[in-house]
Amino acid sequence: MTSVPKPLKFLRPHYSELEAIYNKWPISDDKSLFADILGVLAMTYSDTRPRETLKYRLISNRMSKDPSPPGLWGHEYIRHLSAELGAEFLVREESETAGETLPASGVGSIEELRELGYICAKFLLEHNAEADAVDLLEELECVNKIADLVDQNTYTRVCQYMVSCVPLLPPPDDVSFLRTAHAIYSKFLKYPEALSLSIRLGDAEMVAEDFQAPANPAMQKQLAFILARAQVPPEWLKGGSDDEDEELPEELQGCLNNAGLSTHFRAFGKELGAEAPKSLEDIYKTHLEHTRAPTTVDSARGNLAGTFVNAFVNAGFGNDPLMVAAEEGNSWIYKNKEHGMLSAAASVGMSCLWDVEDGLGKIDKYTYSGEEWIKGGALLAIGILHANVRSEHDAPVAMLTEHLENKSVILKTNAIVGLGLAYAGSHREDLMELILPIVADDTASMEVVSLAALTLGFIFVGSANGEIAETILQTIMERMEPDESQLSDKWARFLILGLALLYVGRQDASDATVETLKAIPHAIAKQAQILVDICSFAGTGNVLKVQSLLHHCADHIVAPTVPEGEEAPPKEDDTYQAFAVLGVALVAMGEDVGAEMSLRQFNHLMTYGEPVVRKTVPLALGLLSASNPQLSILDTLSKYSHDNDLAVALNAIVAMGLVGAGTNNARLAQMLRQLAGYYHKEPDCLFMVRVAQGLVHMGKGTVGINPFWSDRQIMSRTAVAGILATLIAFTNAQAFIMDKSHWMLYFLTTAMFPRFLITLDEDLNELPVTVRVGQAVDVVGQAGKPRTISGFQTHQTPVRMGTTERAELGTEQYIPFASVLEGFVVLAKNEGWEDDKMQS
């Protein structure tokens, strides 16, 4: 009782009498003060007489021209008042919805509640309770007003809290929080933070404004690097004027095109000692495998696995021993059969990844080959080479568009897919005009039409382009007419994936498309609805969406019973369940708590689910934790990789590769070596083990495929498109990857990006500085200035960064222009630093 204020202790028993006296007093300033005192006493009666404190506060405000500030009565009073404001606002809303006219407490309007809320929020902000202030204004549905209340000392913590709340909020609150945080950052001239939020919102106008806002050329270069990493469409930056593109300085345009990516990446590899090419034996380490009998592998299948391992391991260095550096006539390409040649020729593009200058010269000789498979592979290689970089020469358009009308299906499809990889996320209208007629062509095969739709999905990812969506929907309806068998074709899943990719991250923008799909009487419509839905909410952590997807996963499809002698109708297509399982991971992966909860759900699905659900669960785990090998997930996948159902085992092995992609994880490498021995008599599984080994050592441990970047705040839409397209191929691995479409593994190219931190001076020359790199720690809402990383090590840049790692500068000698130290960071010299040193 010692902590209870004396007035409360002695006056509480007399509350009823004081109320009676209060009611007899005439209106005056004294009565206003009396109302405040009763409001403070009412805090102790909140259980029996709710919202009395708020009632007396509002009465006090009305009575006096100059009421006492609420803060005068202490912090606890403000907190209590805030809680009652939220409760009152909720009751008012409910009564309005029910059609009641009287306000719940009979005192004060909604506007008066909000006015009082602003006063409380201001007090909370002044007293280091930023989170409470944001919560209060959110309950009063006016969180955008906080931009007027924050100052230089409070805006950082307010924005950090608001951004961290976004995955936990339902639409449209999540968008309003991002827009409010963006407004605050723009107000305080924090351009990189503001631009990051504009990219998350996918708002072209905001991106253009943020990019053009700073006058400092070094800051503009930093923003250009952020935009290049996000693969933002070039026309977004024009801001409505046509000649804007010409005004950009050459150096800035180079940053936007990612032109220096290859040069810096190779210098980074040299610094890490990863420049020398690795052979297949360096990766397989067959002498460590415990094989019970001599391996009798199908040689062509073994060589094909070698193609992918070589491509992924030496990606970006341009010196792989099998293809690029091989002597004339001794190329690995001729050790493969037909479709194997296609993947081998395409691997040249992967080896020379991002090196637009020299890479084309190395691919060029294969484009003249008389063998269609090799020529097709070369066309695909041109697309792979240009992934995530843009060239002024527009070589892919020049070299690939001439093959779009080719009679050869191999050349035509590879030219189409090549364009999709090269221009992913570019929203190029001229390419739409070239490819859209192929989608609408009645005479084209389902394979060509589906891959053309997928390419448009890649190029216009997240654009919600109505014209493309309409054409794909029209194609689906037209293909039903002679008979429905065309839509049951294995390639049809890529037709609807192309449609779904248009809506990645666009949430409710896909509603009209989903409604249209509901009207189509074919099994593919349900698959398309789920794909469009999961892409729209990718990375949002939307709980309701996850619940509805789990309902689909729980369906047990039973074939209808028919009398003897009659032919049984075909069982209902259950592919939609596979997409729903992937959807759970796709929606939950943006938020750590949801991702952890989904692991438990996957465990249940694995135990009780149908075969189609069981074989997709490992793929979902791979998507959930790409390039982020967590021990619990590795152990789960290791268990699934020994499953009796080989389809489950195969997908678990792929998922192990995705989870460890580019990490060189020793534990995972050991697991895969053990699996190579275990499956030495199963050519399909062994092939996949080899590919997974290649993925784990991707770029010799310097390249990752995790779609989240900028401190795992921004989701790369092009990366999601690439990973999702690969996983959709694995939902029917025997028909695609294990058949002749193994080149689909190269869809991962759009997600591949170096995992480095390179510091540059204002002239974009490399500038080695000391940085501390450690595990990122969530410090949002914590008091004081806690450490943002734990268990750090000090390195000299350039330095490799893990998926969950964070970096900070070791000294204050330089000031970074970027808010998050990741990728390319431009530094400015801190003028005051040397003076401090001199004085000491």
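## Basis of the values

The model is predicted: local features need pLDDT of at least 70, side-chain atom pairs count only at pLDDT 80 or more, and totals for chains, interfaces and linings use all residues. Residues are numbered from 1 along each chain as its sequence is written, and side-chain values use heavy atoms, with hydrogens and water left out.

Helices (H or I, at least four residues) and strands (E, at least two) are DSSP runs, numbered from the N terminus. Two strands pair if DSSP finds at least two bridges between them. Buried means under 20% relative accessible area, exposed over 50%, and partly exposed in between (1.4 Å probe, protein chains only).

## The open sheet S7-S6-S9

An open sheet is formed by 3 strands in the order S7-S6-S9, with antiparallel pairing. Strand S7 (789–796) and strand S9 (805–809) are the edge strands, and each pairs on one side only. On average, neighbouring strands of this sheet are turned by 30 degrees against each other, direction ignored. Such angles run from 0 to 180 degrees between N-to-C directions, and the axes are lines fitted to C-alpha atoms, for helices over the stretch in contact.

Strand S6 (residues 770–776) pairs with S9 in the antiparallel sense over 5 bridges. Glycine 774 has arginine 806 in S9 as its bridge partner, and arginine 772 stands opposite glutamate 808 in S9. S9 is mostly covered, with 4 of its 5 residues buried.

In strand S5 (residues 756–760), 5 of its 5 residues are buried. In a regular strand the side chains alternate between the two faces of the sheet. Phe756, Ile758 and Leu760 point one way from S5, while Leu757 and Thr759 point the other way.

S5 pairs with strand S8 (residues 799–800) in the antiparallel sense over 2 bridges; in S8, valine 799 is the bridge partner of leucine 757. S5 and strand S11 (residues 823–829) run parallel and are joined by 4 bridges. There, leucine 760 has valine 826 in S11 as its bridge partner.

## Helix H20

Helix H20 (residues 356–367) has 12 residues, which should span 16 Å at 1.5 Å a residue, and its end C-alpha atoms are 16 Å apart, which agrees. The expected span is 1.5 Å times one less than the number of residues.

Val356, Gly359, Leu360, Ile363, Tyr366 and Thr367 are buried in H20. Seen down the helix axis, the buried residues of H20 fall within an arc of 105 degrees, so they line one face of the helix. The arc is that of the directions from the helix axis to the C-beta atoms. The face turned away from the buried side carries the exposed residues Glu357 and Gly361. The buried residues of H20 pack against helix H19 (338–351), helix H21 (372–385) and helix H22 (395–400), where contact means heavy atoms within 4.5 Å.
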